[in-house]
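Hi,

Here is the structure I promised to pass on. Have a look at it first, and my notes follow below.

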Amino acid sequence: MKNKKHAAAAMIAIAAVLILLIWRTGQTPSTVPDDYTPPVYSTIFSLLPPVIAITLALITKEVYSSLFAGITVGALLYANGNLVLGLNTLLYNEEGGFVVNITDLSHASILVFVIILGTLVALMNKSGGAAAFGRWASSHIKTRVGAELATVLLGVIIFVDDGFNCMTVGSVMRPVTDRYKISRSKLAYLIDATAAPICIIAPVSSWAAAVSYSIPEKYHINGFHMFIQTIPYNLYALTTLLMIITLSLMKFDYGPMKVHEANALKGDLFTTPDRPYGDDISDEEGERRGSVIDLVLPVAVLIFTCITGMVYTGGFFDGVSFIEAFANCNSAVGMVMGSLVTLLFTFCLYLLRGVVTFKEFMECLPAGFRSMCAPMIILVMSWNLSGMTGLLDASGFIHDVVSGSAGSLNMFLPVIIFVISVFLSFSTGTSWGTFTILIPIVCSVFPDAPEMLTISIAACLSGAVCGDHCSPISDTTIMSSAGSHCSHVNHVSTQLPYAMTAAAVCAAGYLLTGIVGNITESNAALICTPVTLILLLAVLMIIRRREAAGDRQKA
């Protein structure tokens, strides 16, 4: 009876909103002039679409309808309540429309890359390569701790691009972590925590290039040199890496992750009934035929060809230096080229070795596509939502907030920038878009204070990665779920307490760093970064003791 009352109330509310929108459609024109600006442009209401989407996703545990609700609200805000204009905005707007986002070169390339990766994973399972690698790893990796640290190590090694990192590490390590009863949520967290956090401190990566080109030329700052200087101050990346290693070595978890890990030890790797990728049952015949080389060799070729494809798009083979080629590369296009070459190589390898037939190979093509439908839908909708936020100029609102924080608050500006960067990245799901917006503002605030400029840019980068790490609409978060074959909502809900712990410690670290940097105008990282890392260890020790005390009380 109670559910029927709730449903009736919801239907009445929806009907009232529809009546209001229909009335509003009759009151407003269905076309807009070239200089049209929506009423909520560059106001706090411009953040309403992502806030609605994220809140609904966390409450309902259902990501598709939540994203669609946020997108719809964004389109209606832009259209000022006009249903006709709102529908056109939702589908065909040049910045936020569904159709435009799918046909964008970079977005389409990422979708193709995801499909090819899904096909490669299906092939590795069919050939028995994944199962063989799992058997081999179980003879060399003896414990759950070893399996977790091996996942972290592989994530550190594959540092060139976060999306490539997520899909590759997940494909390779999933059979290993399954054998040691590590939950899919924990695997997703380990992948996510070694994707963007590694890329943002790796000099040779697509992220380094993006940061370098975000610094305006008028300040005459060497972007790559500045990126190198920010590494010791990138507290979120450093604390996250320390956190995953510490949690693995100390053998404890907290929050929702603790429940997932406890269930995994009992044999349930998923905890919830949601199985977006099925139960991942290996092919028994493939297990007998395949060997370790059937997984290792394609992955090695994939890494080599994707890196080659990236530097090719950056002009490396036209005489440009390797670093400059990375700075100019189109990573999405490069990864598509590399993954396609790898697929052709794998086709030849498996047929020659007789581990799959031609028919089985072709069956893996649609199977790989089907396995990646869920993350692709979420990716497209998250791009759409980000576009809606751009149409409403959320970045302009954030610009005004940051600019208004300058002046007498200089020593507190790093922590302010960090918090704002976290919020913006969390709301929009894009770390690149966040630091592209904020870095020029930071440069204008500290034109004559090199130490504070470095600290503040690092705070911006750190906050962007943190928000990206927490956000359910982030590309990296989505691809971490896909790489680990984990329910996306489970990944977000279990990761959030860990990310927020690191974020709280980083906020304290940037408060200290801003004060020290403003007073001494010297290398504050020598003092503040070690203090921040020690503070994280202390916080984890306190959490561990509280968890242990709670377990004793339950017993």
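Just after helix H21, Asp 393 takes a positive phi of about 60°. Before going further, please keep in mind that this is a predicted model.

Next, take a look at Thr 342, which sits in helix H19 (residues 331–353). Is Thr 342 buried or exposed? Its relative accessible area is 1%, and buried means under 20%, so Thr 342 counts as buried. What does the side chain of Thr 342 make a polar contact with? The partner is the side chain of Thr 305, at 3.0 Å. Leaving aside neighbours within four places in sequence, Thr 342 is in contact with Leu 120, Pro 298, Val 301, Leu 302 and Thr 305.

Helix H13 (residues 223–230) and helix H25 (residues 450–470) have axes that come within 9 Å and cross at roughly 80°. Angles of 65 to 115 degrees count as roughly perpendicular, so that is how H13 lies to H25. On the H13 side, Met 226, Gln 229 and Thr 230 do the meeting; on the H25 side, they meet Leu 453, Thr 454, Ile 457, Ala 458 and Leu 461. By class, this contact has five nonpolar, three polar and no charged residues.

Cheers

Conventions:
Residues numbered from 1 in each chain as written. Predicted model: local features only at pLDDT ≥ 70, side-chain atom pairs only at ≥ 80, totals over all residues. Heavy atoms only, no water. Helix = DSSP H or I, 4+ residues; strand = E, 2+ residues; numbered from the N terminus. Buried < 20%, exposed > 50% of the residue type's maximum accessible area, 1.4 Å probe, protein only. Polar contact = N/O pair within 3.5 Å; in protein donor to acceptor, adjacent residues only side chain to side chain. Contact = heavy atoms within 4.5 Å. Axes fitted to C-alpha atoms, helices over the stretch in contact; angles between N-to-C directions. Parallel < 35°, antiparallel > 145°, perpendicular 65-115°, else oblique. Nonpolar A, V, L, I, M, F, W, Y, C, P; charged D, E, K, R; others polar.
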